[in-house]
Amino acid sequence: MSEDVWKIIEEEVERPSIFKSKESLTPEYIPDTLPHREKELKELASYFKHLVSSPGSFSQRVLLIGGVGTGKTATARVFGRDFTRYALTKGYKVKYAHVNCHSNRTLYNVIADMSRQLNAPLPSRGLSAREMFEALLAHLDETDQYAIVSLDEFHYFASLAGRDAVYFIVRAYDVFETPVKRLNFIFISQDTAKLTLLDPSLESYLLRHMIKLEPYTSAQLLDILKYRASKAFYEGTYDDTVLKFIADYEGRDKGGGGNARHAIEVLMIAGVIAENEGAKRITLEHARKAIMKISRDIVNVSEAINYSSLHELLVLLAAVRLLRRTGNPYVKIGDVEKEYEMVCETLGQQPRRHTQVYEYVMNLKKAGIIEAKSSGKGMKGRTTLIGINYGPLDMLEQYLMDLIKRKIAIGAT
């Protein structure tokens with residue numbers, strides 16, 4: 001390493017940081033406490049209290065509904081973490097598993113991830129989804145354990161895996177009649193409208209036990225930001241004026257989306273900007289720059305995008321570039337496929353076949369990342385048209401490029 005490079009690295013690494021714990025502002029962070037979700041945590045405790053009063057008497061299924069950034073995932077994770085600790089003090093072994101249905105899209109993958117998180121030993125030979133489920137139930141019986149499993153983005157699983165797979169999970173104990181019911185579920189979805197594709201009897205069954213999380217007000221977001229900032233930054237590097245500015249920008253009562261995830265990301269980017277500028281405090285100007293830097297719409301779909309496969313992202317990047325270049329609201333799937341092949345060549349990836357590209361487009365549509373519709377009248381021949389109703393597209397393109405490069409670097413597929 002040259003002396004100049006060494007000096008650059010040394011100066012940057014040893015420069016004092018305003019961040020005490022940057023991970024406290026990441027989507028993966030599970031906070032110690034959840035401001036303004038006490039009511040929902042109490043409802044969950046009420047639904048699952050049978051696990052410490054009459055464990056195994058029945059299997060509870062709860063539907064947790066809320067828009068992006070309303071704290072669905074955090075609420076489920078915090079409840080699961082603390083309920084299992086409480087149950088242990090009462091002498092009951094209750095485990096918690098959190099399965100993301102964007103990365104586990106099939107019944108087989110969902111059950112495999114449940115089994116892995118619940119430490120169920122599976123035979124080395126290939127098993128069917130049903131056989132894995134039977135092995136999981138047997139493991140819980142043998143170890144005298146109970147489990148709460150959250151299926152996050154459940155509507156996505158329902159749209160891809162189909163009704164039979166959903167029925168298998170939701171009505172598991174109708175299929176596997178056992179005297180002790182050890183598995184319990186929390187199904188997490190954005191709204192009930194996304195579950196309309198289910199069988200009406202299944203939908204009705206799920207809606208019986210529903211908890212709905214409303215978007216946050218500016219006052220509620222201020223409390224959340226105060227808590228996160230106290231964890232993330234050193235004392236004296238921010239003040240409540242900056243936090244209130246961000247909370248007012250995002251608060252539902254002030255015309256924002258009520259999205260805590262977006263508000264927290266604005267705070268994180270404001271901190272990064274301040275640090276890059278060599279500032280010792282985060283100012284309102286840093287917060288304004290952060291708001292300009294990130295798109296609320298892109299944050300709303302970021303989780304779905306992050307869990308998309310590499311080639312789904314490459315197809316999405318191709319569509320974004322075509323939409324930017326043409327200025328049209330929609331582009332043909334055939335043109336996107338040609339652009340995708342060029343993107344693959346540039347990034348050293350082997351392009352997939354036409355049938356797989358079409359499947360990627362349908363997956364992106366089901367995830368709510370793109371629009372895809374039939375061309376209809378007024379266009380020669382029938383084709384699929386692809387559009388994106390959020391943006392800005394230049395910001396989305398940069399976001400995708402960064403994500404794609406990270407996935408390629410770790411060998412993701």
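Biologist: How do the residues of the lining of the largest cavity divide into nonpolar, polar and charged?

Modeller: Keep in mind that this is a predicted model. The lining of the largest cavity is made up of Leu-137, Leu-140, Asp-141, Tyr-173, Thr-178, Val-180 and Arg-182. Sorted by class, these residues come to 4 nonpolar, 1 polar and 2 charged.

Biologist: Which helix gives the most to the lining of that largest cavity?

Modeller: A search of the whole structure turns up 1 cavity of 30 Å³ or more, and the volume of the largest cavity is about 40 Å³. Among its lining residues are Leu-137, Leu-140 and Asp-141. With 3 residues, the top contributor is helix H6, residues 129–142.

Biologist: Let's turn to the open space. Which residues lie nearest the centre of the largest pocket?

Modeller: The largest pocket holds about 1,300 Å³ of space. Its lining divides into 21 nonpolar, 12 polar and 12 charged residues. Of the 45 residues that line the pocket, those nearest its centre are Thr-26, Pro-27, Glu-28, Arg-261 and Ser-302.

Biologist: And which element gives the most to the lining of the largest pocket?

Modeller: Several elements supply at least two lining residues each, including helix H4 (72–89), strand E2 (94–100), helix H11 (218–232) and helix H19 (393–409). Helix H15 (296–306) and helix H13 (260–276) belong to that group too. The one that gives the most, with 6 residues, is H13.

Biologist: Now for helix H17. What span does H17 reach from its first C-alpha to its last?

Modeller: H17 covers residues 333–347, which makes 15 residues. At 1.5 Å a residue, the expected value is 21 Å, and the model comes close to it. From first C-alpha to last, H17 reaches 21 Å.

Biologist: Why do the buried residues of H17 line one face of the helix?

Modeller: An α-helix has 3.6 residues a turn, so residues three or four places apart point the same way. The buried set in H17 is Ile-333, Val-336, Glu-337, Glu-339, Tyr-340, Val-343 and Cys-344. Viewed down the axis of H17, these buried residues line one face because they fall within an arc of 165 degrees.

Biologist: Which elements do the buried residues of H17 pack against?

Modeller: On the other side of H17, Lys-338, Glu-345 and Thr-346 are exposed. The buried residues of H17 instead have packing partners: helix H16 (310–326), strand E6 (331–332), helix H18 (354–366) and strand E8 (384–387).

Definitions and conventions. Residues are numbered from 1 along each chain as its sequence is written. This is a predicted model: local features need pLDDT of at least 70, side-chain atom pairs count only at pLDDT 80 or more; totals for chains, interfaces and linings use all residues. Side-chain values use heavy atoms; hydrogens and water are left out. Helices (H or I, at least four residues) and strands (E, at least two) are DSSP runs, numbered from the N terminus. The expected span of a helix is 1.5 Å times one less than its number of residues. Buried means under 20% relative accessible area, exposed over 50%, partly exposed in between (1.4 Å probe, protein chains only). The arc is that of the directions from the helix axis to the C-beta atoms. Contact means heavy atoms within 4.5 Å. On a 1 Å grid over the protein atoms alone, a cavity is a set of points where a 1.4 Å probe fits but cannot get out, and a pocket is an open set with protein on both sides within 12 Å along at least five of seven lines; lining residues have an atom within 4 Å of a point. Grid points are joined across faces, edges and corners, and a volume is the space filled by probe spheres set on the points. Ala, Val, Leu, Ile, Met, Phe, Trp, Tyr, Cys and Pro count as nonpolar, Asp, Glu, Lys and Arg as charged, and the others, Gly among them, as polar.
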